[in-house]
Amino acid sequence: MSRWKGRGAKAVAEAAPLSGLYDEIRRWSARLECALSASGGTLVANRQQARLLCATGFGSDVLSTPDRRGDGEDLATTHVFQLMLEEVFYLSYELDCLRVHRQSSQGRVDLTLEELWCLMQEFNREFVKIYKAYSHLRNKRWVVRPGPQYGADFMAYRHHPTLVHSDYAVLVISVDDPQSRLASWTDVQGMTRLCGSVAKTLLVLYIIVDMGHDLSSPTYLERIKVEEVEVRRWLPQKHREDSQ
């Protein structure tokens, strides 16, 4: 059961479902410009765009600069967002609201989706499986945020993190990886104890990749399967029959 932050948080979330907010982003009249680096993307948004990006949990609003008229009244506010690589590709590929470019020795280079896809794999050799897990959760309308502080790849929230605590700590594992972080029962016990201590459930996403196909196009994502496994500690005192 989700743990909402405040008495009215659930009502606020239900009044603005993520599906509706995604549709608003898709209807933007112009794509946002995003500058790409190996660590992520940076974009500049106006007040309305920033509101939607914040409401859907994309990126971090790292800088806000108000533009003012002579009477001191706000005319507009420019917001600078920092995005994870997974967020850059999701907003470009799934929501079609970003135009991504990078700087080279020849100056600015605009990237096609195929070029962006290949570049992401250069930046992170695990990008294919990590992005598949990220998009899998996003397409189910979870808000997905970084999870290193809990020893996980991602944290999954039912709505915006200001409204609700995260439900899941997410680990992404390839089924053909013998050196995964859950390779032994000691690993499993340690991770479930950590999740239990912070009131999270461990969600393992097993990525089944068919390496016999071309990785040069993002359409390859359709061939990747995801299996979900929830891992919980068994607590005897919660299951023992009452002997009295």
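This report walks through the predicted model of one protein chain, from its overall make-up to a few individual residues.

Residues are numbered from 1 along each chain as its sequence is written. Because the model is predicted, local features need pLDDT of at least 70 and side-chain atom pairs count only at pLDDT 80 or more, while totals for chains, interfaces and linings use all residues, and side-chain values use heavy atoms, with hydrogens and water left out.

**Overall make-up**

The protein chain has eight helices and eleven strands; these are DSSP runs numbered from the N terminus, with helices (H or I) of at least four residues and strands (E) of at least two. Of the 244 residues in the chain, 42% are buried. Here buried means under 20% relative accessible area, exposed means over 50%, and partly exposed lies in between, with a 1.4 Å probe and protein chains only. Among the contacts with a separation of 6 or more, 62% join residues 24 or more positions apart, a contact being heavy atoms within 4.5 Å.

**The nonpolar core**

In soluble globular proteins, nonpolar side chains tend to be buried together. In this chain the largest nonpolar core has 66 residues; such a core is a set of buried Ala, Val, Leu, Ile, Met, Phe, Trp, Tyr and Cys residues joined through side-chain atoms within 4.5 Å. Helix H6 (residues 127-139) gives the largest share of this core, seven residues. Leu 36, Leu 43, Leu 53 and Leu 98 have the most contacts inside the core. Leaving aside neighbours within four places in sequence, Leu 36 has contacts that include Leu 85, Val 88, Val 100, Leu 111, Leu 116 and Phe 123.

**Helices H2 and H3**

The axes of H2 (residues 18-26) and H3 (residues 47-55) come within 10 Å and cross at roughly 145 degrees. These axes are lines fitted to C-alpha atoms over the stretch in contact, and the angles run from 0 to 180 degrees between N-to-C directions. From H2, Leu 18, Leu 21, Glu 24 and Ile 25 meet Gln 48, Arg 51, Leu 52 and Ala 55 of H3. Five residues of this contact are nonpolar, one is polar and two are charged; Ala, Val, Leu, Ile, Met, Phe, Trp, Tyr, Cys and Pro count as nonpolar, Asp, Glu, Lys and Arg as charged, and the others, Gly among them, as polar.

Tyr 22 also belongs to helix H2 and is buried, with a relative accessible area of 0%. Its C-alpha atom is separated by 9.8 Å from that of Ala 55, 33 residues apart along the chain. Beyond four places in sequence, Tyr 22 touches residues including Phe 58, Tyr 90, Arg 138 and Trp 142.

**A buried arginine**

Arg 145 lies in strand E7 (residues 143-146) and is buried at a relative accessible area of 16%. Its side chain makes a polar contact of 2.9 Å with the side chain of Glu 87. A polar contact is a pair of N or O atoms within 3.5 Å; within protein, one must be able to donate a hydrogen and the other to accept it, and residues adjacent in sequence count only if both atoms are side-chain atoms. A polar atom of the Arg 145 side chain also lies 3.1 Å from the backbone oxygen of Gly 57.
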